[in-house]
Amino acid sequence: MKPLAAIRVADFTVHNAGPFATHLLSQLGAEIIKIESAMRPDAFRKPHPVYGREGPATFDQVSATKLSVRINLKKPEGVALAKRLVAVSDVAAESFRAGVLARLGLGYEALKAVKPDIVLLSVSSCGQDGPDSHFAGYAPLFGAWGGLSDLTGFADGPPVEMRHVMDHTCGMHAAVALMAALHRRRATGEGAHVDVAAREVASMLCGEALLLSAAGGEPRRMGNAAEGLGPHGVFACMGEERWLSIAVRSDAELTKLEDIVGGLSDEAITAWTCTRDANEAAAILQAAGIAAHASWTTPEIAADPHLRARRAIVEVNEPGGSTRAAVGVPMRLSKGPEVGIHRGTPQLGEDEDYVYGELLGIGRNERCALEDAEVIY
């Protein structure tokens, strides 16, 4: 068994932060049943030309290995059907604005009535309570609200807009919190409502700066500099938009860098790097024990034999028999079957025979009636 093979999740999450949390669980073996409808599919499911392909690239990233069913939550019968699914699940997960799920009739108390030990995961911008809980938000706002953007960038420039990293970091925290709640349930038999606020995740990443502020200091944007390291930065190499990242921590490394480059100023280092291929320059510095690497493009990452060998980059099947590269789970376990992606993105409603037939025992006549009434839609 994969580590989470016994866990089933009714997944109401949308966009990226919440779906990334359940995506991580799916790669560790949990059965994730994504709930959408043709009327209100996940906004990221819409195909659009990006990354050299026509398709829902962002949706693909967080939906591989999941199952898909259609439920129209605007109808009372759809809410009742969702509760039937929750009743056979361990977890319900959502990422709406605070209060939306409750207004649909699927709040924590309503779900506890059908599954007393259910664990509900709620991922939102500002949490389920507090004066700002009604605010909507997306990834760039999380970093801005939480103070992380103001610390990112150069001292003479504006704050940097943080995008996917905020959604994914929030999703990782949500996955850890959810597994903690499941561990507690195993010990006590009690479910829980797990409340994760993306804004607070961003603030948590600013801990050092918050401590400095509390002590009367004034945090500042440092660009590529780093306290206690130097030289520390990204230097232009031969070719268009080719860069080398260098981080020097000790005096011994500093001496080796000076011997290789012929100087320690940014100008001297750039004069050396700009006449060399980024990967070749990295190999020279790494051989001397200096932390350095080319700033790789995404095609280089996708083709990297090391990541391929460790199945951090995998090929998954697409409808029609084609395959595509996908990002695997960044961890390995010494026992049990291999974790990670084992199927591609599901089509809308692709797994209804299994979910409605095998799990819920809905017969053909009832299912047809639900489809005719646009409850399964």
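## A buried residue to start with

Thr-58 is buried, because its relative accessible area is 14% and buried means under 20%, exposed over 50% and partly exposed in between (1.4 Å probe, protein chains only). This threonine sits in helix 2, residues 57-63. Helices here are DSSP runs of H or I with at least four residues, strands are runs of E with at least two, and both are numbered from the N terminus. Setting aside neighbours within four places in sequence, Thr-58 touches Asn-16, Phe-44 and His-164, where contact means heavy atoms within 4.5 Å.

Before we go on, here is how to read the values. This is a predicted model, in which local features need pLDDT of at least 70 and side-chain atom pairs count only at pLDDT 80 or more, while totals for chains, interfaces and linings use all residues. Residues are numbered from 1 along each chain as its sequence is written, and side-chain values use heavy atoms, with hydrogens and water left out.

## The whole protein

The protein has 16 helices and 13 strands, and its C-alpha trace spans about 80 × 55 × 40 Å along the principal axes. Of the 377 residues, 43% are buried. Among contacts with a separation of 6 or more, 66% are between residues 24 or more positions apart.

## Helix 7

Helix 7 covers residues 164-188, which is 25 residues, and reaches 36 Å from its first C-alpha to its last. That is close to the 36 Å expected at 1.5 Å a residue, where the expected span is 1.5 Å times one less than the number of residues.

Which residues of helix 7 are buried? The list includes Met-166, His-168, Cys-170, Ala-174, Leu-178 and Arg-185. As you look at them, keep this in mind: an α-helix has 3.6 residues a turn, so residues three or four places apart point the same way.

## Two pairs of helices

Helix 10 (residues 251-261) and helix 11 (residues 266-273) have axes that come within 10 Å and cross at roughly 55°. Axes are lines fitted to C-alpha atoms, for helices over the stretch in contact, and angles run from 0 to 180 degrees between N-to-C directions. The angle makes helix 10 oblique to helix 11; under 35 degrees counts as roughly parallel, over 145 as roughly antiparallel, 65 to 115 as roughly perpendicular and the rest as oblique. The crossing of helix 10 with helix 11 is left-handed, meaning that the near helix is turned anticlockwise from the far one by less than a right angle, whereas clockwise would be right-handed. Leu-257, Ile-260 and Val-261 of helix 10 meet Ala-268, Ile-269 and Trp-272 of helix 11. By class, that contact has 6 nonpolar, no polar and no charged residues. Ala, Val, Leu, Ile, Met, Phe, Trp, Tyr, Cys and Pro count as nonpolar, Asp, Glu, Lys and Arg as charged, and the others, Gly among them, as polar.

Helix 15 (residues 352-359) and helix 16 (residues 364-372) pack at about 130°, with axes 11 Å apart. That angle makes helix 15 oblique to helix 16, and their crossing is right-handed. Glu-352, Asp-353 and Tyr-356 of helix 15 make the contact with Arg-364, Arg-367 and Glu-371 of helix 16. What classes of residue does the contact of helix 15 with helix 16 have? There are 5 charged residues, 1 nonpolar and no polar.

Some loops hold backbone details to look for. His-15, in the loop between strand 1 (8-11) and helix 1 (17-27), has a positive phi near 65° although it is not a glycine. His-15 is partly exposed, because its relative accessible area is 25%. Glu-241 is another residue other than glycine with a positive phi, about 55°, and lies in the loop between strand 9 and strand 10 (243-247). Is Glu-241 buried or exposed? Glu-241 is exposed, because its relative accessible area is 58%.

One more detail is at Pro-231, in the loop between helix 9 (207-214) and strand 9 (232-236). The peptide bond from Gly-230 to Pro-231 is cis, with omega near -5°.
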